[in-house]
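Trainee: I would like a close look at one part of this model, with the cut-offs behind each term.

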Amino acid sequence: MEQYHILVIDDEVEIVELIEIYLLNEGYQVLKAFNGSDGIQILEANTVHLVILDIMMPGIDGLATCRKIRQFNNIPIIMLSAKTQDMDKILGLGTGADDYMIKPFNPMELIARVKSQLRRHLYFDKQNLIKTEDSILNIKGLVINKKNHQVLLYGKEINLTPTEFDILVLLAGNAGTVFNTEEIFERVWKEKYFESNNTVMVHIWRLREKIEENPKEPKIIETVWGVGYKIEN
């Protein structure tokens with residue numbers, strides 16, 4: 001059985017060691033960095049399957065580190081934050097993170113998030129997300145290649161995170177179908193939806209930032225008020 005390597009980047013040694021204990025107990029290999037620069041170097045030199053990244057760090061903070069990682073790697077990133085403001089969550093996901101947790105957190109919940117992201121990123125068969133068996137989706141000027149995770153918008157390549165890609169495939173592959181936030185969360189994250197979770201909303205916002213001419217007046221990903229989201233043919 002392949003062992004998966006998790007990179008933990010946090011300037012708080014106690015937090016890193018706590019996370020390491022729980023990850024090792026689950027059979028993961030753990031790489032550690034205590035600042036963003038070292039974390040990026042470790043990621044460039046090693047095979048890493050997932051990153052746990054703190055936002056508030058001296059020097060290169062977690063947001064800047066996440067942006068740099070996304071320039072060369074598309075693996076899942078879970079961000080940690082000691083702040084509870086929604087803006088921190090939005091900024092974190094806006095840099096390309098796949099999930100976030102607020103400190104202090106339950107270590108077992110973090111492990112569950114890690115497993116979910118790895119399962120979705122490494123194992124999840126995206127054919128289960130869509131009705132069509134085609135490997136190419138063409139809709140609203142988008143060409144979505146599910147085999148190589150490539151998205152073109154009127155011929156221009158669009159860089160999406162794995163989570164953004166999965167949401168887009170779900171909506172585009174079921175054109176005209178309205179999905180509420182709970183359905184999107186449970187089908188993409190493969191977890192039970194919990195109340196007051198705005199993760200889907202933030203990812204939709206980020207998708208619109210990347211594919212809509214005017215994200216405030218979206219023409220591709222439409223909002224059906226009080227119901228959910230859809231992409232029409």
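This is a predicted model: local features need pLDDT of at least 70, side-chain atom pairs count only at pLDDT 80 or more; totals for chains, interfaces and linings use all residues.

Trainee: Which strands does helix α3 lie across, and at about what angle does the helix run to β4?

Mentor: Helix α3 (residues 62–70) lies across β1, β3 (50–54) and β4 (77–81), and its angle to β4 is about 170°. Axes here are lines fitted to C-alpha atoms, for helices over the stretch in contact (heavy atoms within 4.5 Å), and angles run from 0 to 180 degrees between N-to-C directions. Helices (H or I, at least four residues) and strands (E, at least two) are DSSP runs, numbered from the N terminus.

Residues are numbered from 1 along each chain as its sequence is written, and side-chain values use heavy atoms, leaving out hydrogens and water. Mean pLDDT is 86, with 88% of residues at 70 or more. Residues 125–133 fall below 50, yet this stretch has 25 contacts in the model beyond near neighbours in sequence.

The strands under discussion belong to an open sheet of five, ordered β2-β1-β3-β4-β5 with parallel pairing; two strands pair if DSSP finds at least two bridges between them. β2 (29–33) and β5 (99–102) are the edges, each with a single partner strand, so one side of each has no neighbour in the sheet. From one strand to the next the twist averages 20°. β1 (residues 5–9) is joined to β2 by five bridges, and Ile-6 stands opposite Val-30 in β2.

For comparison, an open sheet of four strands has the order β6-β7-β8-β9 and antiparallel pairing. Its edge strands, β6 and β9 (156–158), each pair on one side only. Here the twist averages 25° from one strand to the next. Three bridges join β8 to β9, and Val-151 stands opposite Ile-158 in β9. Helix α6 lies across β6, β7 and β8, at about 115° to β7.

Methods:
pLDDT is the predictor's confidence in each residue, from 0 to 100.
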